[in-house]
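Welcome to a short tour of a protein model. Please open the structure and follow along, starting with how its elements are named.

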Amino acid sequence: MSKFPFYKQHDAMDCGPTCLRMIVNHHGVNQSIQAIRRQSEIGKDGVNLLGIAQAAEQIGFRTLAVKAPLKKIAADAPLPCIVHWNQAHFVVVYRIKKNQIYVADPAKGLLKYTAPEFESAWATTIEDGEKVGVALLLEPTPKFFEDKDTLSLSGESSKMSFSYLYGYVWRYRNLWMQLGLGLLVGSVLQLVLPFLTQSVVDTGIQTHNLHFIYLVLAAQLMLFVGRMSIDFIRSWILLHISTRINLSILSDFLAKLLRLPISFFDTKLTGDILQRIGDHSRIESFLTGTSLNTLFSLINLLVLSVVLATYHLTIFGVFALFSALYTCWIVFFLRYRRQLDHKRFALASQNQSSLIQLITGIQEIKLNNAEHLKRWQWENLQVRQFKLSMKGLEIGQYQQAGAMFLNEGKNIVITFLAATAVVNGQLTLGAMMALQYIVGQMNSPVEQLIQFVQHWQDAKISLERLNEINTLNDESPPVESSNRPNGGIDIVPPLGARDGRSGAPPPRGLLVSNLTFTYPGAGNEPVLKNIHLHIPPGKITAIVGTSGSGKTTLLKLLLRFYDIKQGEILLDSPLREGEGLGERLNTIPHRQWRSQCGTVLQDGFIFSDTIANNIAVGDEVPDVQKLLHAVKVANIQEYIDSLPLGYNTKIGAEGNGISGGQKQRILIARAVYKDPDYLFFDEATSSLDANNERVIMENLEAFFKGSSTKPRTVIVVAHRLSTVKNADQIVVMEKGEIVETGTHAELTKQQGKYYELVKNQLELGN
């Protein structure tokens, strides 16, 4: 039976899609993990069994979810199948044989369990006196094989490879030529040394010619100085190249990361992303350090091999044999090193995320007396890392013991053969010393070649993890370079400029038509249901409702946080308002749309920077007039004036702490500074006191109206109804649906849902 194909999960959320990928590959199709992740609707909490089943049926499998005892699975279930493991994980059962269950665990590798061991992690409930567990059975249908060509390698067109990475290296080919010249000179110098050693013994010592010995030793000293100088120069050149390459690779990765849709970050742990950034150092080290050193070593090995074979062919054969055995021994441990590397990555990611939470959440930790619990959780991770390190040390010691045995055995055999050749008159004493020197010099290139294989494996693992991000589709297609004249800054025209008319573009409203939205994750209920809404241009539209009614989700869809699968959002035609004859929102580039939008969200972020830079986030140098106007509208001037450094005061994680109300006012100032056509406010004044709220709302209403040529379209989500009573339109939502629309006076008069909200909030009587 052929070995079952195994793939390692990229992170903690990928166990389900990875299991399905292994089964797909087992049936002869190599499908990308990204395609399966999309089909399984992976969400913030990973993927459930329903999501895996849906993805499998889209690919062409027939699926059946069962709850059964192990003996029933062993007797009747088609293998491989996916089982729910420890109530929090998915693994593949690919063979059951003689009370042995063979499992492909995407987190650990190919494993073998006894029946009791397997049941302890799988059969977590008892029905009719038997232990039962959950399994997803899969069988390929004809559709699976018909779509084989379209399934293969889908979504991997932009996958990075080593040939692609070496493109970074090729940019510095002139410096590589200098390094190559240094390599050639170093090889020649190294080739001369064994002959000088032989001449000292055979000529200088045998003839008692001290002057000749002095001359040869002086030549060796000069050769040593020359080699050392070449190594110094080579190190400087390598530092220059490696630094530039590392910056280029990391910059491209961050650029790719910033082009991904916002929804991507819902399912990613911070530690996972930070660990992937660390993977670039391994790739850069492989490209510039390991690869180059291996090239040097390979050339030296070839040259010295020719010289060694010239001296004594038998000794060369012994060296080659033991080196081959040594290499096979090291390669034997590569798969164990790969497993440990994946485990280290997962633990390091968890450890980094734990530390970030420990530091950023210190206030909540102390307020809830959770210091010991959180510290113990962190210490448990350290224990796991310690055990993993011990396992790595154990494997390393086995590898080192065998390597030392083979290496020392080789040296002993070669010494014996060389001494025997001298005694038999086949070699001179000087030739024996030269031969020993050559063998010593050849050991280092062999070590370098073995390290190259190990580092190649490490770089390959890192590349696989990076490709999980590099193969994702960008949020928007890149703007053509012809539109980027100012140092790569995207220049986007105003949305109304498409009408072909001169002057300021007319205001445009938004039309939401037949919109239904469900967050990624199989089995999730729709958050929004059949939404029809017209948001008039230049007016204030307020969205109210109880918690969980879908208000914030609707706002995020208007800001294009997520793609819409059912329904559409359109920009009104400037000429025929409300008829939806304008552009679909999803056809407008994200950057262009967001350049016209000012936002104040519940989870708005304050950067560790000055107040001025926190307000003027998109500008390298803040516009003073716009800054002063934004601060005035947000009613935060008095607070800024009270600070010793004023606008240059540093706030955020590494600066002065600010209250929730001060944070909201800075976020409001940030939205006003942008001077947008559309404003989106989500609980923008929930942390403000009554006086500040009144002043800010008055200032904002004046800002909303703007000039006669530029009224702004405003969407406000609020629980506090005092902030929305003056809105031109109030939309009431209930359980993901719009139940009422009108003005404050109209809705109050109807005494419906809006009236109940007002009555409950103001504690009015019947």
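## Ground rules

Helices (H or I, at least four residues) and strands (E, at least two) are DSSP runs, numbered from the N terminus. With that naming, Pro80 sits in the loop between α4 (70-76) and β2 (81-85). The peptide bond that joins Leu79 and Pro80 is cis, with omega at about 5 degrees.

This is a predicted model, where local features need pLDDT of at least 70 and side-chain atom pairs count only at pLDDT 80 or more, while totals for chains, interfaces and linings use all residues. Residues are numbered from 1 along each chain as its sequence is written, and side-chain values use heavy atoms, with hydrogens and water left out.

## The chain as a whole

You will find 25 helices and 18 strands in the chain. Of its 766 residues, 45% are buried; here buried means under 20% relative accessible area, exposed means over 50%, and partly exposed lies in between (1.4 Å probe, protein chains only).

How much of the contact in the chain with a separation of 6 or more comes from residues 24 or more positions apart? Such residues account for 72% of those contacts, a contact being heavy atoms within 4.5 Å.

## Helix α16 and its partners

Let's begin with helix α15 (residues 371-423) and helix α16 (residues 429-470), whose axes come within 11 Å and cross at roughly 160 degrees. Axes are lines fitted to C-alpha atoms, for helices over the stretch in contact, and angles run from 0 to 180 degrees between N-to-C directions. Angles under 35 degrees count as roughly parallel, over 145 as roughly antiparallel, 65 to 115 as roughly perpendicular and the rest as oblique. α15 and α16 are therefore roughly antiparallel. On the α15 side the contact residues include Asn407, Ile414 and Val422, and on the α16 side they include Met432, Leu435 and Gln454. By class, the residues of this contact divide into seven nonpolar, seven polar and one charged. Ala, Val, Leu, Ile, Met, Phe, Trp, Tyr, Cys and Pro count as nonpolar, Asp, Glu, Lys and Arg as charged, and the others, Gly among them, as polar.

Helix α12 (residues 313-332) also packs with α16: their axes come within 11 Å and cross at roughly 25 degrees. This pair is therefore roughly parallel, and the crossing is right-handed. Among the contact residues are Phe319, Tyr326 and Ile330 of α12, together with Leu435, Val446 and Ile450 of α16. The contact of α12 with α16 has 11 nonpolar, four polar and one charged residues.

## Helices α22 and α23

Further along, helix α22 (residues 660-673) and helix α23 (residues 690-705) pack at an angle of about 5 degrees, with their axes 12 Å apart. That angle makes α22 roughly parallel to α23. Arg665, Ile668 and Val672 of α22 meet Asn692, Ile696, Leu700 and Phe703 of α23. These residues divide into five nonpolar, one polar and one charged.

Leaving aside neighbours within four places in sequence, Glu693 contacts Thr685, Leu688, Arg720, Ser722 and Thr723.

## Two positive phi values

Asp675 lies in the loop between α22 and β15 (678-682). Its phi is near 50 degrees, a positive value in a residue other than glycine, and at 35% relative accessibility Asp675 counts as partly exposed.

Glu683 lies in the loop between β15 and α23. Here too phi is positive, about 55 degrees, although Glu683 is not a glycine. With 11% relative accessibility, Glu683 counts as buried.

## The nonpolar cores

In soluble globular proteins, nonpolar side chains tend to be buried together. A nonpolar core here is a set of buried Ala, Val, Leu, Ile, Met, Phe, Trp, Tyr and Cys residues joined through side-chain atoms within 4.5 Å. The largest has 48 residues, and those with the most contacts inside it are Val544, Ile615, Phe681, Leu700, Phe704, Ile730 and Tyr754. α22 gives the largest share of this core, seven residues.

Apart from it lies another core of 29 residues, among them Leu510, Leu558, Leu601 and Val717.

Key. A crossing is left-handed if the near helix is turned anticlockwise from the far one by less than a right angle, and right-handed if clockwise.
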